[in-house]
Amino acid sequence: MRRLRRQFEMMSPGDHLRALWMGLGGDGAALAGIQLGGADPVLPSSFRVGLVAQLSIAAAAAAARELGRRRLGIHQELSVDALAAAIECRSERLLRINGKQPSELWDAIAGIYPCRHGRHVRLHTNFAHHRAGIIRLLGCRDTKPAVAEALVDWEGEVFESAATAAGMVVSYVRTFEEWDRHPQRAAIAAQPLIHLTKIGEAPVPRSVGGERPIDDLRVLEMTRIIAAPVAGRVLAAHGADVLRVIAPELPTIEALDIDSGRGKRSAFLNIAQPADTTSFTALLQKADIFLQSYRPGIMERLGYGPDDLATLRPGLIIARLSAYGRQGPWAGKRGFDSLVQAATGFNLAEANAAREQAPRPLPMQILDHASGYLLAFGALMARLRQLDEGGTWLTDVSLARTAHWLRDLGRIDDGFAVPEPSDTVLATLCDQAPSGYGMLTFPRHAARLTRTPARWVGPSVPFGTDQPHWVSAD
């Protein structure tokens, strides 16, 4: 494994992009005219976070570009700079609304806490019911000092197990060696970075005109938080009609919804209600891509598993995101980027490299963002395969498998020598646009296409602004 990892580290960015592309059945000739500029370190980290950002963004853009070439005859160059890609993967942190930073992205109790034997656990309490569950489990007052005091007497892995059994979102902060002994690690290692498979037969989709690479695609999105919403956002950036639906009673984080909502329409639907199920089914039957990030098993219980969807809508591309994959003892475990970083060893490895005692997070939610772009890439490669083979397709990505990819890319000895980008540099990488919330400032898309620049036609709008209908009729 060490020899394989060493070979992986020696590959150029172009080699890595080619491996991603060819691994999903792409034609290597389609990668001509792609420039990948810059190199790590671009942000303070001992990991190649800039390369992961660059490759995942470039892969999605390359697939969109190839669809534009095949469908519309548009030939164009593509470039992705590593720093610009890394900055885009900080989009929720750099979002400004009318010049001001939005409300706190993290709940007051969320974070890393000491526990027994000098170890740590990480809590994710951004949703009120997750916070309440942690307080019940600890039997303490609902304050950060009280939580810290209660956790001191817990053994970290025991608390993680107890919280998981209660449906809460907690990770024990492991070393790489500890994660490598965990049974979920073996399950993750057996899965491809992007799983893509044909699950049913359907005719080759008919070709239609347009002006942008994927403006013929309808994307039905059922997602929350960062990773899968980023997939919808990049599909919208290249022209797709993205309709995001959510049950009105589900909790969300507004700043994240604003950041990931560019170019999307938004409607309320609760698919547990019969009336809304009818509308949802009608949307699915005219969708090209179904993008969802609910925990494994939930959509199957609601009657919308892959086999159900293949029958309901032959020719659909089903794109799914999970935290820990769909096999292994943690397949159904709730998870977010920060929790997966902690569980899989990154926070302690980063702290050791920085010569710090406390666990240190990666400089952005790179597992979320990279997984989102990889999910969009998988969906678009499925579309390319459809143009030749037809069929109904399924693609899967997980945060934990993306974490293994990042780890396999190797470390940077002087990664913390690079400074944080200055405000002047950040200003050159950001754009402004009006929205349903006010004037937004945000990082522009790092993939630069020469003839069809990425852009978001519609502004971010509050959930429920639109009706659950597609813009154009067949």
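## Largest cavity

In this predicted model, the largest cavity has a volume of about 70 Å³. The structure contains four cavities of 30 Å³ or more.

The lining of the largest cavity is formed by R244, D257, G261, K264, R265, S266, Y437, S460, V461 and F463. By class, these lining residues comprise four charged, three polar and three nonpolar. Strand β10, which spans residues 264-268, contributes the most to this lining, with three residues.

## Packing of α11 and α18

Two packed helices are described by the angle between their axes and the distance between the axes. For helix α11 (residues 227-237) and helix α18 (residues 366-389), the axes come within 7 Å and cross at roughly 50°. Angles under 35 degrees count as roughly parallel and those from 65 to 115 as roughly perpendicular; α11 and α18 are therefore oblique to each other. The crossing of α11 past α18 is right-handed.

## Residues at the helix contact

Which residues in α11 and α18 meet? On the α11 side they are A227, A228, V230, A231, R233, V234 and L235. Their partners in α18 are D368, H369, G372, Y373, L375, A376 and L380. The contact of α11 with α18 has 10 nonpolar residues, together with two polar and two charged ones.

Methods
Residues numbered from 1 in each chain as written. Predicted model: local features only at pLDDT ≥ 70, side-chain atom pairs only at ≥ 80, totals over all residues. Heavy atoms only, no water. Axes fitted to C-alpha atoms, helices over the stretch in contact; angles between N-to-C directions. Helix = DSSP H or I, 4+ residues; strand = E, 2+ residues; numbered from the N terminus. Parallel < 35°, antiparallel > 145°, perpendicular 65-115°, else oblique. Left-handed = near helix turned anticlockwise from the far one by under 90°. Contact = heavy atoms within 4.5 Å. Nonpolar A, V, L, I, M, F, W, Y, C, P; charged D, E, K, R; others polar. 1 Å grid on protein atoms, 1.4 Å probe; cavity = no way out; pocket = protein on both sides within 12 Å on 5 of 7 lines; lining within 4 Å. Points joined across faces, edges and corners; volume = space filled by probe spheres on them.
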